[in-house]
Amino acid sequence: MERWWMPLPEDVSTFGPRIDSLFFTILWITGIVFVLVEVLLVYYIVKYRAREGRRAIFSHGNTRLEIIWTTATFAIVFFLGLASQPLWYAVKEPARFPRGGLELNVTAKQFEWHVTYPGLDGRFGTADDFEKRNELDIPVGVPVHITLRAEDVIHSFFLPQFRLKQDAVPGMEIPAWFQATKTGEFVLGCAELCGLGHYRMRGRVIVQSQEDFQRWVQQQTQVRTADAAR
Amino acid sequence: MSTIALPHEAQAHALHHDDRSFVRKYIFSTDHKIIGIQFLFMSLFFLLVGGLLAMTMRWQLGWPGRPIPGGAILGDAKAPGGVMLPEFYNALVTMHGTFMIFFAIMPLLVGVFANYLIPLQIGAPDMAFPRLNMASFWTAVPAGLMMLASFLVAGGSAGAGWTSYAPLSAVPEYSGVHTGQQLWCLSLIILGFSSLMGAVNYITTVINMRAPGMTWFRLPLPVWALFITAILILLAIPILTGALILLYFDQTIGTTFFLPANGGQPLLWQHMFWFFGHPEVYILILPAMGFVSEILANGARKPIFGYPAMVGAMIAIAFLGWIVWGHHMFMSGMNPVLGGYFMVSTLVIAVPSAIKTFNWLGTLWGGSIRFHVPMLNALAFVSMFVIGGLSGMFVAATPVDIPLHDTYFVVAHIHYVLFGGSLFGIFAAITYWFPKMFGRMMNETLGKIHFFLTFIFFNLTFFPMHLLGIAGMMRRLYDPTQYPHLQPVQPMNEFVSVNAFLLGATQLIFVFNFLWSLFKGRKAETNPWHANTLEWAAPSPPPHGNFEVTPIVYRGPYEYSSPDSPVDYLPQDRPPLERPSPAPTLAPAGN
């Protein structure tokens, strides 16, 4: 690991950098508060240690200080709440998902991920649909819409490099989306304890250029049709 | 107020007729102090069990697939050849959380100190319902034994996490655990009755049995904290019990409350569990806040800074605890609009938490600080609680929670709150009230060695977990090296494991100090810390019935360094001194 003190995985989705930047904003705010409080604590411990002949100040508090730190904390959390809302809805609220792009069905079951592709016609439930196990092939630069289902227990669809996580719950169909900004191979993991094989419920995300992806879909559809003909 | 407190004569009578048999006195005792001490031994035992489970887990995480030293005794069903199986790892994860939360931290904070402290600090001879109190302890014991025994049944103990999400927890075919999962439900249902019996007792006692003059705003902060906690327990535990009964039905008689078939809902379990679970988080921290406030004031020789703000903040935390449960479910598929709401309510908790922190700092300001062992642990509480609180901001902000949810970042966060916070608070409280409980002092030097080593190894164990979470390491993961993105951080897992073992080994110092001091410690005086609260007016240890005469309270609990007193403390029950009347003001000043 290059930077063991900040081991963020590579960031390869469109909303990933916005999430990371909010992470660093919070890191700055909490970092400053942390240093302030701990320095003050240590300073007081040293300065006000018991010494011969000195008596503690007899004070029961200070209303003005109470008002100041209450208001200041409130202002900070208000700002944080405000700064977080738009990004949260951009990632999670289906009404705000971008239009168009690739649609996939992902079904989780103990202990594997099944990804269904609509094939060349772009529609599910037709003959050219095909399925991949523990492999999520997607094109770069295109929104990918996923409908998540689970067959048995709750699993959690986790793409660390895309800063995306969404539980898959039996009996529910949960929409999620992301868009890759880079080609390459990335991690798909399960983040919710799902049984004794939870630790190996792992898949790969393979991001290709849009042309390569089209070729790949064609190939897969042909394989599928050939299989069907046999 | 305090009309129920026994008249002096009746109480003195009780004191002089302590001819109970050994069994009535020490085993089936109705004395709140003995019950508190019984809870102490029980929960310290489970604390050790929970710690051992954690260290076993850390072995696997540090060196996946390597045989555990001495692991052969676990048997082939758990660890063939000493190498643990994933199902045993899941059992460890589940039982570590369950034992620590329900059988160690919660009874240490509430079972021990609500029982021991409330009557003593409010000046009462005992609890309002002593027999109910005894029943509370003797209900907790079988619950704990049942949980412990579940390791021995076929299929092993529960393995669906301490949160036991359905359907995994509801269907044996999914988890591979049959009886263990049911015993988990039954044990917690039984324990729930113990908690409820305790809670009604604490609430009634605080309301009805305060000594004359002990007004609400003269209550020591531990009593306030435990009173608020008892209300949370009374309201939260029935929800857990209800959920557990439904889950038990799903497991045994074929209902589908939490299964998608026939209209059931897996998310319903999460809503019920966390509607209990978040108040539970505050049940696990509020009492520690109370103890720490008490000890900081004592160590700093100053009144607590902002007493009304401290009480208000605790009430605010308790109230907010009811409207934030959804923040455990941001990724659950719950409507994102709800997520937006729960983020705001969660962030607001930072306000009362900050009020408490700043007031603790205010208490230290201008003090004359004594660094006795309880004080050191209380100071550690403040500094570690700050980290636990601040790391909570990351996971409260929903967008940042997306990558961090269910990773080691969360594990780090809860351990900074529950170990860095609650457990340091518990160490502070045990070392502070040990002389009152057992009439002997604990060894200061051993206490300091234990404190410093614990502080160091605690941070070396849990701080890197933040980084592991940032790197994307999921919770409850049997073998992190399975994932390519986690292979580079494996050295950090080894580092954490080594420090976890050292942290565990350090606790032996505490065990030794505790047991040694029990028999060989220096005899404690009545008021060794020069404190103000009423328990220090009773002998160490206090007899059955506590006070020879019901104390009368003249002032608040934290009048340290008051100009009214020649020494730097002023007990609550000391009658006001006759002060010379002020000089006549008629004489012109300066003449």
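Where in chain B does B:Pro541 lie? I found B:Pro541 in the segment after helix 18 (490-520) of chain B. A reminder to myself before going on: this is a predicted model.

**Entry 1**

I noted another cis peptide bond between B:Ala166 and B:Pro167, where omega is about 0°. B:Pro167 sits in the loop between helix 5 (130-149) and helix 6 (172-175) of chain B. I then looked at B:Arg476, which is not a glycine but has a positive phi, near 55°. Its place is the loop between helix 17 (444-470) and helix 18 of chain B. I flagged these spots because most residues other than glycine have a negative phi, and most peptide bonds are trans.

**Entry 1: a helix pair inside chain B**

Next I turned to helix 8 (residues 221-252) and helix 9 (residues 266-283) of chain B, which pack at an angle of about 155° with their axes 9 Å apart. Angles over 145 degrees count as roughly antiparallel, so helix 8 of chain B is roughly antiparallel to helix 9 of chain B. I listed who makes the contact: helix 8 of chain B contributes residues including B:Leu232, B:Ile233 and B:Leu240, while B:Trp269, B:Phe273 and B:Phe276 are among those from helix 9 of chain B. The crossing of helix 8 and helix 9 of chain B is left-handed.

What does B:Trp325 touch, leaving aside its neighbours within four places in sequence? I wrote down B:His271, B:Trp274, B:Phe275, B:His278 and B:Phe342. B:Trp325 itself belongs to the loop between helix 11 (307-320) and helix 12 (336-348) of chain B. I also looked up its distance to B:Leu267: the two are 58 residues apart along the chain, and their C-alpha atoms are separated by 13 Å.

**Entry 2: where the two chains meet**

The area buried between chain A and chain B is about 7700 Å², and carbon and sulfur atoms give 72% of that. On the chain A side, A:Trp88, A:Leu193 and A:Tyr199 lose the most area to chain B, together 10% of what that side buries.

Helix 2 (residues 63-92) of chain A packs with helix 13 (residues 350-364) of chain B at an angle of about 140°, with the axes 9 Å apart. This crossing is right-handed. A:Trp69, A:Phe74 and A:Val77 are among the contact residues from helix 2 of chain A, and B:Val351, B:Ile355 and B:Phe358 are among those from helix 13 of chain B. I sorted the residues of this contact into 8 nonpolar, 3 polar and 1 charged.

**Entry 3: salt bridges**

Side chains of opposite charge can pair when their charged atoms come close. I find 13 salt bridges over all chains, but 0 across the interface of chain A and chain B. One I looked up joins A:Arg163 to A:Asp20, with the closest N and O atoms 2.7 Å apart. The pair links distant parts of the chain, 143 residues apart: A:Arg163 is in the loop between strand 6 (155-159) and strand 7 (164-168) of chain A, and A:Asp20 is in helix 1 (residues 16-47) of chain A.

Technical notes: Residues are numbered from 1 along each chain as its sequence is written. Chains are lettered from A and ligands numbered from 1 in the order in which they are written. This is a predicted model: local features need pLDDT of at least 70, side-chain atom pairs count only at pLDDT 80 or more; totals for chains, interfaces and linings use all residues. Side-chain values use heavy atoms; hydrogens and water are left out. Axes are lines fitted to C-alpha atoms, for helices over the stretch in contact, and angles run from 0 to 180 degrees between N-to-C directions. Helices (H or I, at least four residues) and strands (E, at least two) are DSSP runs, numbered from the N terminus. Angles under 35 degrees count as roughly parallel, over 145 as roughly antiparallel, 65 to 115 as roughly perpendicular and the rest as oblique. A crossing is left-handed if the near helix is turned anticlockwise from the far one by less than a right angle, and right-handed if clockwise. Contact means heavy atoms within 4.5 Å. Buried area is the accessible area (1.4 Å probe) that two parts lose on being put together, summed over both. A salt bridge is a side-chain nitrogen of Lys or Arg within 4 Å of a carboxyl oxygen of Asp or Glu. Ala, Val, Leu, Ile, Met, Phe, Trp, Tyr, Cys and Pro count as nonpolar, Asp, Glu, Lys and Arg as charged, and the others, Gly among them, as polar.
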